[in-house]
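Dear colleague,

Please find below the structure that I am handing over to you, together with its sequence. My notes on what was found follow directly after it.

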Amino acid sequence: MQNSELVSSFAEIAHSKGIDRDTLQLIVEDVFRAMLRKRYGSDEAFEIIFNPDHGDIQILHIREVVPDWELEDPVTQIELSEARKIDPDFEVGDEVASELDISEFGRRAIMTARQTFSQRIRDLEKEKIYQEYSELIGEIVVGEIYQIRRREVLVMHNRTELILPREEQIPRDRYRKGDTLRAIVKEVRRESGGTPQVIISRADPVFLERLLELEVPEIEEGIVEVKRIVREPGERAKVAVVSHDERVDPVGACVGLRGNRIHAIVRELSNESIDVIEWSDDPRELIKRALAPAKPLSVTLNEEANPPRAKVVVRADEVSQAIGRGGVNIRLASRLTGYELDVYREILPDEEDIEIEEFADELDESIIARLREIGCDTARAVLDLSLEELMRRSGLDEETARRVMEVIRAEFEDEEELEG
């Protein structure tokens with residue numbers, strides 16, 4: 001095989017993979033130098049001249065002319081008599097440059113060179129993917145679904161496979177092969193020897209933030225700032241925003257005229273409910289806004305607790321709104337504000353209640369203390385909670401929590417009987 005034929009095949013592969021001229025030159029030179037080192041033990045006595053535009057390559061073996069019978073290194077030296085067979089004018093100390101043909105290396109060496117070149121191209125492709133998508137972390141990419149698996153969806157983007165794992169999917173999403181899909185690049189995993197895995201996400205709060213930037217020019221321009229986003233993908237999200245221009249309403253800017261901006265995002269997120277609230281540096285005010293659509297009457301902070309807690313009182317008919325279906329509203333509000341929220345209904349002046357200490361003869365002091373720690377200082381405050389909520393807040397086991405509620409409920413039933 002001629003030098004030009006092998007190099008031309010290299011150039012074709014590089015062109016198909018989008019490898020630039022300078023990179024191709026470096027790889028080709030490295031491949032041939034590896035061949036020279038394997039055959040001669042060193043590549044220092046050789047010069048490689050490569051023209052990638054024409055696919056031409058010359059490998060020159062450069063040796064110093066030494067007197068006959070004084071040859072010490074046949075790789076770097078040539079005897080005078082041998083040199084003069086090439087050109088009669090050579091003298092001792094001159095340099096002789098002779099061109100090598102690839103065919104001299106043998107068929108096996110040429111096959112190895114091909115394999116080495118292909119491996120270098122693959123390694124380069126892996127590095128290119130890693131670098132390219134590492135720079136895109138947190139940005140939206142648009143690809144085409146080409147395979148749907150049980151635990152992941154594979155998306156093709158610029159001839160690169162992206163992986164959408166189940167935990168990064170919106171539960172309500174339905175995927176079909178050939179559909180276009182939008183997501184953010186969340187992570188690029190680099191495993192030794194393997195192709196980098198590009199993980200994308202539609203469930204990450206950053207995806208919602210990027211969608212807001214696309215739909216709300218004021219965010220892109222820096223007039224409105226997204227302070228915090230929390231999500232339960234496919235169910236509900238809360239977005240806290242602030243305006244750096246007093247003339248601009250941050251909530252109105254995000255929602256848009258008749259809700260057109262936020263509705264576009266809701267549709268993209270499979271009808272996920274999105275609450276946009278105005279950020280406040282006052283934790284009490286922020287908690288009130290975060291519990292929307294409920295309108296808390298009062299907020300009492302307990303900064304001593306770890307994590308800090310807040311007792312929130314709402315009207316009786318708004319307790320379920322504050323907690324939300326399955327507790328989603330209160331969970332998101334807690335994550336948004338950084339406070340563990342305890343919601344209680346308003347006790348009306350004419351409504352009878354009992355201090356929790358009144359049950360000391362039936363409940364251990366440790367249980368009463370734990371109830372007070374979570375803000376349940378009256379009997380009705382305990383009864384306002386579901387069994388699951390009481391267990392979650394207090395840390396009591398199911399049997400103990402159930403007994404607490406039975407004891408307190410029995411007290412009110414006895415009072416009703418006496419009044420009757």
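Helix 4 (residues 107-134) lies across strand 6 (152-157), strand 7, strand 8 (180-189) and strand 9, and runs at about 110° to strand 8. Helices (H or I, at least four residues) and strands (E, at least two) are DSSP runs, numbered from the N terminus. Axes are lines fitted to C-alpha atoms, for helices over the stretch in contact, and angles run from 0 to 180 degrees between N-to-C directions. Contact means heavy atoms within 4.5 Å.

Please note that this is a predicted model, in which local features need pLDDT of at least 70 and side-chain atom pairs count only at pLDDT 80 or more, while totals for chains, interfaces and linings use all residues. Residues are numbered from 1 along each chain as its sequence is written, and side-chain values use heavy atoms, with hydrogens and water left out.

The barrel

In what order do the 5 strands close into a barrel? The order is 5-6-7-9-8, and the pairing is mixed. From one strand to the next, the twist averages 55°. Two strands pair if DSSP finds at least two bridges between them.

Strand 7 (residues 160-165) is joined to strand 9 (residues 197-201) by 2 bridges, and these two strands run parallel. Ile-163 has Ile-199 as its bridge partner in strand 9, and Leu-162 has Val-198. Strand 6 and strand 7, by contrast, run antiparallel and are joined by 6 bridges; here Val-155 has Leu-162 as its bridge partner in strand 7. The hairpin of strand 6 and strand 7 has 2 residues between the strands, and in it Asn-158 takes a positive phi near 50°.

Is strand 7 largely enclosed or largely open? Of its 6 residues, 5 are buried, so strand 7 is largely enclosed by the rest of the structure. Buried means under 20% relative accessible area, exposed over 50%, and partly exposed in between (1.4 Å probe, protein chains only).

Gln-169 is found in the loop between strand 7 and strand 8. Gln-169 is buried, with a relative accessible area of 16%. Leaving aside neighbours within four places in sequence, Gln-169 is in contact with Glu-152, Val-153, Leu-164, Tyr-175 and Ala-203.

In helix 9 (residues 283-290), the buried residues are Leu-286, Ile-287 and Ala-290. They cover an arc of only 100° around the axis, which puts them on the same side of helix 9; the arc is that of the directions from the helix axis to the C-beta atoms. These buried residues pack against strand 11 (236-243), strand 12 (273-278), strand 13 (298-302), strand 14 (309-314), helix 11 (328-337) and strand 15 (340-345).

In a regular strand the side chains alternate between the two faces of the sheet. Strand 13 has a covered face with Val-299 and Leu-301, and an uncovered face with Ser-298, Thr-300 and Asn-302. Strand 13 and strand 14 form a hairpin with 6 residues between them, and they pair in the antiparallel sense over 5 bridges. In this pairing, Leu-301 stands opposite Ala-310 in strand 14.

Which residues of helix 12 are buried? They are Ile-367, Ile-368 and Leu-371. Seen down the axis of helix 12, the buried residues fall within an arc of 100°, so they line one face of the helix. The face turned away from the buried side carries the exposed residues Glu-365 and Glu-373.

Ile-356 lies in the loop between strand 15 and helix 12 (365-373). With 0% relative accessibility, Ile-356 counts as buried. Apart from neighbours within four places in sequence, the residues in contact with Ile-356 include Ile-368 and Leu-371. Ile-356 and Ala-369 are 13 residues apart in sequence and 9.4 Å apart in space, C-alpha to C-alpha.

A charge over a ring

Finally, Arg-190 lies over the face of Tyr-130, at 4.1 Å from the ring centre. A charge sits over a ring if NZ of Lys or CZ of Arg is within 6 Å of the ring centre and within 35 degrees of the ring normal.

Yours sincerely
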